[in-house]
Each structure stands twice: as C-alpha cells, then as structure tokens.
Amino acid sequence: MTGSDPRANLYGATLSGLERIVEIEAQPRYRARQIAEWLYRHHAPDIDAMTNLPAPTRVDWNDRYRIATVQHHQAGTSGDGTQKHVWDAFGGDVYETALIPEASRLTLCVSSQAGCRIGCKFCLTARKGLKQSLSAAEILSQYRNLPDRDRVTHIVFMGMGEPLDNADAVIDAVSVLTSDWGYGLSPRRITVSTVGILPELERLLDETDVNVAISLHAARREERLPIVPSENRYPIADIVALLRDRARLALPPFAATGRRRLSFEITMLDGITDRPAQAAAVRDLISGIPSRVNLIPWNPFPGTQFRPSERTAIEAYQALLKRAGIMTTVRESRGQDIGAACGLLAGRRESRVD
Ligand code: SAH
C-alpha cells in the first residue's frame, strides 16, 4: 500500500510474487511474465498501459492494483560530476542516491533504508537513526526513475541504510534488477555492501549472485566493536568463517572460476583503523580467501573526534597488503562538496533544490 491508496502496488513485485497474484485473480500463469515485462521492460506507467491484458481485466484490476514509483528531486551536482538525487518515500521519509561518473563507468549508489540503525560511529547516516526500511518499489525507483538510467553501468548498495537489515526487499530488488523478466542487468555489475548480518548474509550468498562487500574496518574484535556496534551480535570472526567456508567449498560465489567478487572495505581513520599492526591483522584474517580490499579515506563531518588518515598511512597500509598478494585499492572520494560521498548521505530536506 502506498500513502492512502489502498490498492496493492505491482511495481517492485518479483515474478513469483506476480505468479501468486495471477493465481489469486484466477488468471493464466503466463500472465505473470507478461506483467513483469510491462513493469520492467516497458516501464508501464499504469495498468491501462498493459495492452495485452484483456480490457475487462484491466478495468477490474484498476480497482485493486496500481503501479506506483517514487519521484526524485535532483539535489545538486558536485564539482567532480557526482550527482545527488533525493527521493520522498511513500511514507514521507527522505532518502538519497548518488550517481558517480568515472572514466568508463557510471555507478549508481542506492539506498536500502531511510536512515540506518546500525550506528557506525564514523558514518553521518547513522546519526539519523532508522526512519524506515524501503520497499522493493522504493529501492528500484532509484534506478527506474533516474533520467540517466540507460547509461548506468554499475549499481552499488552503498547509500543510506544497512541492506541486510532489510534483506527481503533488497533480495527482491536484486532479483528484479538481474532477472531476464526484470531489468536484465548482470549481477557482476551489482554490489551489496554490508556490516555482515549473519543469517541474511547467508541468504544473500544463497539467493543471489551479486558481488558482496564486507564493511570490515578492523580485523580484531576489540577494535571493530567500538566503531561498528553490530560486531557485538555478529562477530567478524564468524562472518569471515562463513566466507572462508564458501570459498573452501568452492561454491559458485568464490570458486576459482566463479566470478562473484568479494571485497572488504576499510574506512581509514587516523590512529583508529590505519595502523600497520591493523593492516597485518587484516592480512592474517582474510588470508587465503579470494577477495580484494578497498581502502576508503574517511569523509569528515563535524561533531566527531575522528580525523582522516594521512596519505602516507593509507599508502603504507596498502603496501603491506599488496606485499601479501592481496589486491588493494584506495577509493577516490567523490561528491564530498554536495554531501554525496560515502557516509555523508543524511537525507536532509534542505538539500533539495527543486
Ligand atoms: N551500510 C552498508 C553500506 C555503507 S556505505 C555497510 O555498512 O556496508 C559503504 C562504506 O562506506 C561502508 O564500508 C561504510 O562503513 C563506509 N563509510 C561510512 N561512513 C563513511 C565516511 N564518513 N567516510 C568514509 N567511509 C564511510
């Protein structure tokens, strides 16, 4: 249900969800695929647009179903070309998307929740707390209603929210994005970033084929717990054990030939996460797991005691991992001047310019 409209929203439904609906409606099963194609191939704006549904069915369905998506307001373009879009969720909360142009890519960074309840100490979104988890329709609208949709090459779930704190909607959205009846995007071009909520991480590995990024930040529990509170319930040792297990079993995710990519993200905080002993601990923790490491220079915001790492510290950290044969990249900060960089999406209404 969206707003005060009691009709069920078809947009965001997976093929199996549509199959349930056509069964309830006593329609032939093949209709489900037809409807999916209207929704995700032809971007049908309403039920009436689905011209291969019988006319009486369209009239009848209009009373009970609708196609509702969320509209955006462009909220600014950074000096480096990064755009921020602000969306009003059906329930009225605000969430944001960053669109990041790079040499040969256009990366869409989507939100999975308005706000977040994990509480990572160095993340601005965390300060908002959780306003609402987004429905699959609200997640997918960030792609569907983007003016540059057809130019997007990569989608990363690295906007606001913890994707695995909203696993049902995120897994449905991934299914719509990657299925032939949906948007038909390659799962190799989609990455879900997570602090590692264990049962849902297992589901993500089992039920999808997308790339996975784990917000590691620190390898040792006593150093991760103070900055990533979910460490308390889901220890990094258990998360890595699960990933190692999958690698050992050589299941599609991480088999030598498998192409799903696993990465570990480390936000570089001066004196907190960037010390050489911590780089060594990360090396030891992930050794033998086919993966790469992404170092993220911390994007500062007022009111914390954190400081961004010195460039030399980041380089030393990277060099130590590289010596161990671990592919390690440093993420370039994009969109900082418009609050669109990692961890700066705060869903402020005043950031709108429409
Ligand atoms: N909730 C998801 C996605 C977060 S955004 C997750 O935790 O994985 C992607 C990465 O940016 C995460 O690793 C997150 O910890 C990191 N991050 C958050 N705030 C940041 C900031 N201010 N500067 C740099 N990185 C930040």
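1. Let's start with a term: two residues are in contact when heavy atoms of theirs lie within 4.5 Å. By that rule, Arg31 is in contact with Val22, Asn52, Leu53 and Pro54, leaving aside its neighbours within four places in sequence.

2. A word on what you are looking at. This is a predicted model, in which local features need pLDDT of at least 70 and side-chain atom pairs count only at pLDDT 80 or more, while totals for chains, interfaces and linings use all residues. Residues are numbered from 1 along each chain as its sequence is written, and side-chain values use heavy atoms, with hydrogens and water left out.

3. Back to Arg31, which lies in helix α2 (residues 31-40). Helices (H or I, at least four residues) and strands (E, at least two) are DSSP runs, numbered from the N terminus. Is Arg31 buried or exposed? Arg31 counts as buried, at 9% relative accessibility; buried means under 20% relative accessible area, exposed over 50%, and partly exposed in between (1.4 Å probe, protein chains only). Glu231 is 200 residues away from Arg31 along the chain, and their C-alpha atoms are separated by 45 Å.

4. Follow β13 (residues 292-297) for a while. Strand β13 pairs with β14 in the parallel sense over four bridges, and with β12 (residues 262-268), again in the parallel sense, over six bridges. On the β14 side, Arg292 stands opposite Met327 and Val293 has Thr328 as its bridge partner. Five of the six residues of β13 are buried.

5. A right-handed β-α-β unit is made by β12, helix α9 (residues 276-286) and β13, and another right-handed one by β13, helix α10 (residues 311-323) and β14. Right-handed means that, with the strands pointing away from the viewer, the path from the first strand over the helix to the second runs clockwise.

6. Which residues have the most contacts inside the largest nonpolar core? They are Leu10 and Phe157, in a core of 105 residues. Such a core is a set of buried Ala, Val, Leu, Ile, Met, Phe, Trp, Tyr and Cys residues joined through side-chain atoms within 4.5 Å. Helix α5 gives the most to this core, with eight residues. Domain 1 (8-66) and domain 2 (72-351) both contribute residues, so the core lies between them; the domain bounds come from an automatic or database domain assignment.

7. Finally, look at Ser112, in the loop between β6 and β7 (113-115). Ser112 is buried, with a relative accessible area of 2%. Beyond its neighbours within four places in sequence, the contacts of Ser112 include Ile139, Met160, Pro163 and Val170.

How values were computed:
Two strands pair if DSSP finds at least two bridges between them.
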